[in-house]
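Good morning, and thank you for coming. I would ask you to look at the structure on the screen while I speak.

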Amino acid sequence: MKDKKRPDWVPENAGKEFTTSVMSGLEEQVSNVAGKKYTPKVLQRKQLTVDDYVQGILNRDRTIIARAITLIESNSIKHLQMAQEVLKKILPYTGNSIRVGITGVPGAGKSTFIEALGCKLIKENHKLAVLAIDPSSSVTKGSILGDKTRMEKLSRSKECFIRPSPSSGNLGGVTRKTRETILICEAAGYDVILVETVGVGQNEITVRSMVDFFLLLKIAGAGDELQGIKKGVIELADAILINKADGDNLNRAKVAKEEFARALHYLKSPTSGWTPEVHTASAILGEGVDNIWERILEFMKIIKECGTFENRRKTQMLEWLHAMIKERLETLFYHNPKILATLPSIEQDVLEGTLPPTKAAMRLLEIFEKNL
Ligand SMILES: Nc1nc2c(ncn2[C@@H]2O[C@H](COP(=O)(O)OP(=O)(O)OP(=O)(O)O)[C@@H](O)[C@H]2O)c(=O)[nH]1
Ligand SMILES: [Mg+2]
């Protein structure tokens with residue numbers, strides 16, 4: 001046994017001058033630790049079947065929910081197929097939540113607001129899932145940690161599931177992963193889903209396309225009121241919440257509220273049947289939080305009555321379908337062996353000016369079609 005731990009090339013009868021030895025492998029450890037059967041942690045992690053995932057999700061088993069989301073986030077084709085099987089089976093249990101998107105510049109107080117609102121909801125026996133897209137904002141720099149401390153009570157609550165979504169990869173990927181994560185959370189019985197996203201351009205449009213209610217957090221006096229009023233993200237919002245309306249900031253917040261309310265008059269509502277509103281709050285003091293939740297409930301009631309809710313969810317399903325097709329086509333294209341082989345030289349021709357980009361694109365697409 002002892003000799004086995006020496007490499008093959010060590011001469012027989014070699015002395016202590018050959019110090020090299022071979023570590024025992026996992027299999028050896030499994031059957032051979034102190035004569036007892038022992039399975040290291042890495043091997044204990046059982047591969048889950050599709051049904052294991054489905055049952056775990058429906059039973060709100062947080063470990064399995066987390067693993068199912070990891071499966072969804074994986075870019076491997078094998079995982080993608082399995083994830084789709086899981087999703088197909090949980091689909092009948094989805095759709096029964098209030099989906100709220102929360103956006104705002106870094107530091108606007110989104111996480112603090114979610115902590116305040118979340119604690120209230122849990123007290124009222126809701127089950128809450130918080131998904132944070134692109135949590136690594138410029139303020140907190142890789143703020144999964146920052147978010148955990150800002151959402152301290154929530155992250156300790158058993159009724160709340162917090163999950164940062166990866167922002168890496170293409171936008172289509174982020175869309176698919178977040179949408180699918182929402183479905184998993186719904187099937188697990190979370191009846192309120194809050195999606196936090198940092199207000200940088202495309203992210204907001206993406207999140208708007210997957211939630212019912214879209215809330216924009218603003219801070220008074222940040223100097224961006226007028227810029228913001230030039231449409232943009234404001235057009236996507238069902239409500240604007242002027243946060244940090246406390247201390248010295250209270251008056252400024254009230255003024256900002258009036259300004260935004262005036263500006264909203266000139267904009268088209270993103271949700272038919274609902275007129276966007278402006279409110280103030282202090283997330284840190286928990287003031288104004290109850291009010292915004294009441295407005296969200298009122299919103300849900302109204303849009304369900306007038307049919308907007310159903311229409312929006314249907315439109316969102318179609319948007320999702322097309323996002324999926326685009327994502328899949330793009331993956332197929334860029335992983336196609338013939339494309340991989342020809343792309344660098346065609347890129348080079350484009351760079352050298354010997355091939356116009358349009359022609360280059362046509363040529364590559366032809367190659368792709370012929371080698372599907
Ligand atoms: N005075 C005051 N400060 C607040 C309030 N809400 C949040 N803050 C503070 O503002 C800072 C940023 O809050 P976060 O909740 O992390 O903001 P965020 O929008 O989630 O930021 P990112 O996730 O980095 O985009 C923290 O220091 C909070 O304590 C508020 O209502 N009043
Ligand atoms: Mg945050």
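This is a predicted model: local features need pLDDT of at least 70, side-chain atom pairs count only at pLDDT 80 or more; totals for chains, interfaces and linings use all residues.

Residues are numbered from 1 along each chain as its sequence is written, and chains are lettered from A and ligands numbered from 1 in the order in which they are written.

Let me begin with the sheet. Seven strands, paired in parallel, make up an open sheet with the order β3-β2-β4-β1-β5-β6-β7. At the edges lie β3 (160-165) and β7, each pairing on one side only. From one strand to the next, the twist averages 20 degrees. Strands here are DSSP runs of E of at least two residues, helices are runs of H or I of at least four, and both are numbered from the N terminus; two strands pair if DSSP finds at least two bridges between them. Between β5 and β6 there are five bridges, in the parallel sense, and K218 has I242 in β6 as its bridge partner.

I turn to helix α12, residues 250-264. Its 15 residues reach 21 Å from first C-alpha to last, close to the 21 Å expected, where the expected span is 1.5 Å times one less than the number of residues. Buried in α12 are A253, A256, K257, F260 and L264; a residue is buried if 20 or more other C-beta atoms, placed from the backbone, lie within 10 Å of its own, exposed if 12 or fewer, and partly exposed in between.

Next, helix α13, residues 289-305. V289, I292, F299 and I303 are buried there. Their arc around the axis is only 70 degrees, which puts them on the same side of α13. E294, L297, E298, K301 and E305 are exposed on the other side. After α13 comes G307, with a positive phi near 90 degrees.

Finally, how do α15 and α16 lie relative to each other? They are roughly antiparallel, a term for angles over 145 degrees, with under 35 counting as roughly parallel, 65 to 115 as roughly perpendicular and the rest as oblique. Helices α15 (337-352) and α16 (357-370) pack at about 170 degrees, their axes 10 Å apart; axes are lines fitted to C-alpha atoms, for helices over the stretch in contact, and angles run from 0 to 180 degrees between N-to-C directions.

Note on methods. The arc is that of the directions from the helix axis to the C-beta atoms.
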